[in-house]
Amino acid sequence: MYEHPLAKYFRKGVRQPFCSGCGNGIIAQCIIRAIDELKIDIRKIVFVCGIGCSGWISTFLNVDTLHTTHGRPLAFATGVKLGNPELKVIVLTGDGDGAAIGGNHLIHAARRNIEILTILVNNRIYGMTGGQVAPTTPHSMKTTTTPYGNIEYPFDLCKLVEAAGASYVARWTTFHVKQLISSIKKGLLKEGFSFIEVVSQCPIQYGKYIDVREPAKLLLMLKDLSINKDKAKTINEKELKEKIIIGEFVNKEVIGFSKAYEQLIIKVRGKIE
Amino acid sequence: MNNVNEIIKPGNYLMMGNEACALGAIIAGCRFFAFYPITPANEIAEYMSINLPKVGGIYIQMEDEISSIASVIGASWAGLKAMTATSGPGFTLMQENIGHAIMTETPCVIVDVQRCGPSTGTPALPMQGDVYQARHGSHGEYEIIVLAPSSVKDTFLLTIEAFNLSEKYRVPVIILSDALIGHMMENVEIPDLSSIKIVDRKKPLKLDDSQFFLSEDIAPMPTLGSGYMLHITGSTHNEKGIRNVYDPAYVNNLIYKIYAKIHKHIDDIVKIETRYLDDSKVLLLSYGSVARSALHAVKLARRIGLKVGYVRLITLWPFPEKIISNIINSVEKIIVLENNMGQIFNEVRRVSHKDIEVKFLPPDILGTIHDPLYIMNNLRKFIGE
């Protein structure tokens with residue numbers, strides 16, 4: 001019988017837990033493909049994930065997974081990376097997990113420039129808990145907890161993380177799988193904090209409020225809403241408000257925290273000897 | 001790389017309780033310390049930031065107490081012995097992740113240098129208000145180990161003991177110090193380091209061994225990145241770590257096992273210190289900084305011929321139920337001394353025979369040390385002299 005070339009990366013006997021049409025399956029595949037194409041030893045990668053649907057992306061993969069508390073995967077991952085700097089650490093988080101309850105850890109991980117690849121799945125709503133408003137929910141949108149429309153404004157997470165000092169920042173949607181895989185590869189090889197936001201479809205909760213429940217339609221919507229960062233510069237602000245600006249926003253070389261700490265140890269110990 | 005002799009040589013040193021704690025941790029093998037500044041715990045961090053790099057260890061100042069304990073758990077799974085320190089408000093912030101450490105059976109040490117509370121309270125004054133929080137601060141059912149030092153030397157030794165118990169039982173261990181001991185300076189005798197017993201966690205021997213959780217005899221703990229494809233979760237799981245949040249049988253199994261691994265070994269875990277028990281009809285029972293005043297009062301009482309005994313709890317939780325009930329049920333009266341409104345007092349009443357008189361004595365003013373003469377006066381009243 002033919003076995004899928006990526007089947008070796010999946011945990012036997014554990015089912016993927018997502019609703020039909022969820023973007024998390026696409027993201028899981030993109031991560032695995034990036035690792036496979038780079039030929040990195042999967043045993044040297046640790047997945048640290050938060051609470052929310054995105055936190056389950058690694059649970060059915062046959063990988064080292066540390067499933068943490070809500071909002072805290074980056075803080076746990078900081079300990080893992082410093083505990084063993086030879087490991088590659090991937091944090092899987094959602095918009096609620098990473099930008100609301102975990103927002104503080106996100107900006108400080110970026111500021112510290114710790115060598116962690118963070119993949120933040122932004123479905124613009126709290127999916128697992130039933131469709132409540134998120135810090136990424138569009139303005140005026142109705143959700144379970146904004147029955148009269150959202151009076152708050154969404155975060156631009158890439159701008160936030162860029163301002164905080166990350167070494168690599170990019171945003172794609174689940175429609176842009178080729179670009180996403182390429183970004184994950186760059187993030188995995190980057191020395192420093194890498195942040196990739198993936199705008200993803202949630203046919204059940206988000207779909208309920210915009211009255212589009214078919215995953216394929218949602219994917220095409222994401223495609224139509226997306227605009228490349230260079231093209232975005234040519235259109236006016238009003239038109240831009242509805243758009244998802246995609247592309248690579250930051251790609252720079254700054255020494256990572258664990259590397260800097262290793263150098264500090266060498267310096268301190270040099271003075272003793 | 002890990003030569004502790006570069007930091008300290010055997011001998012006598014005058015040091016602060018908080019420094020003794022940090023030194024004890026490094027000697028016990030602590031190589032990761034995460035912290036968020038808070039009074040009166042800061043000297044632990046300052047000592048760590050100076051000395052950990054000398055032994056190849058890592059000091060990191062995190063953005064808050066939540067991330068401090070979180071990174072400690074991460075570092076522990078990466079294979080390092082790890083610790084954080086804080087005081088009341090920060091300890092409260094850590095509680096959710098302490099629950100995660102219990103659920104995932106992660107060895108780590110948390111130092112709470114207690115101050116007056118609730119809320120911001122009084123940062124630099126000592127109280128013993130976190131005894132319940134140390135035991136029951138996180139949500140849900142669990143068992144934990146809590147130790148209470150009563151001197152600077154004790155802080156040094158109990159920090160080493162905390163790491164040993166933590167590694168042995170794969171459980172977070174809490175050191176409940178207070179502002180008095182943390183900031184007090186005393187002589188500490190540092191012995192030859194080779195004479196100190198250090199316990200390291202049990203590691204799996206072969207790659208196909210994958211029962212890493214929920215053993216009453218403590219499962220071996222692998223490290224992340226060593227090829228085991230670990231699944232570690234704070235959600236309900238089975239012996240292999242695989243998550244199941246639907247089946248009550250999983251909850252039942254998990255809760256009983258994390259309890260059993262502590263209670264089955266309770267005789268190995270709990271420790272108390274006693275003096276003058278043989279002929280005593282009255283006992284002064286205390287722990288932590290208060291025990292120093294209590295011992296002084298007992299000595300004063302003995303000098304005037306009062307047959308008073310001294311019991312100090314070293315392990316607060318699991319409560320040394322069997323030992324304490326055996327001791328106290330052979331006397332007539334017990335005075336429990338605490339710098340709070342009576343947290344261990346309730347436990348002592350719970351385990352004592354109904355005919356025994358149990359009294360509670362806080363200090364004259366909460367947040368100050370019990371004056372031995374004040375204890376004496378109350379003791380006299382209590383025994384009707």
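Predicted model: local features only at pLDDT ≥ 70, side-chain atom pairs only at ≥ 80, totals over all residues.
Let's start with the strands. Chain B has an open sheet of seven strands, ordered 3-2-4-5-7-6-13, with mixed pairing. Strand 3 (58–61) and strand 13 (315–317) of chain B sit at the edges, each pairing on one side only. Going from one strand to the next, the twist averages 25°.

Strand 2 (residues 30–35) of chain B runs parallel to strand 3 of chain B, and four bridges join them. Here B:Phe32 stands opposite B:Ile58. Helix 4 (residues 88–103) of chain B packs on the sheet, where it touches strands 4, 5 and 7 of chain B. The direction of helix 4 makes about 160° with that of strand 5 of chain B.

## Where the two chains meet

Now for the partner. On the chain B side, 41 residues are in contact with 39 residues of chain A. Together the chains bury about 3,300 Å², with 61% of that on carbon and sulfur atoms. B:Glu63, B:Leu224 and B:Met229 supply 20% of the area chain B buries against chain A, more than any other three residues.

B:Glu63 also forms a salt bridge with A:Arg112, their closest N and O atoms being 2.9 Å apart. The count of salt bridges between the two chains is one, while 17 residue pairs are in polar contact across the interface. Helix 3 of chain B gives the most to the side touching chain A, with seven residues.

## Strands pairing across chains

Strand 2 (residues 64–67) of chain A runs parallel to strand 9 of chain B, joined by three bridges. In this pairing, A:His67 stands opposite B:Thr233.

Definitions and conventions:
Residues numbered from 1 in each chain as written. Chains lettered and ligands numbered in written order. Heavy atoms only, no water. Pairing = 2+ DSSP bridges. Helix = DSSP H or I, 4+ residues; strand = E, 2+ residues; numbered from the N terminus. Axes fitted to C-alpha atoms, helices over the stretch in contact; angles between N-to-C directions. Contact = heavy atoms within 4.5 Å. Buried area = accessible area lost by both parts, 1.4 Å probe. Salt bridge = Lys/Arg side-chain N within 4 Å of Asp/Glu carboxyl O. Polar contact = N/O pair within 3.5 Å; in protein donor to acceptor, adjacent residues only side chain to side chain.
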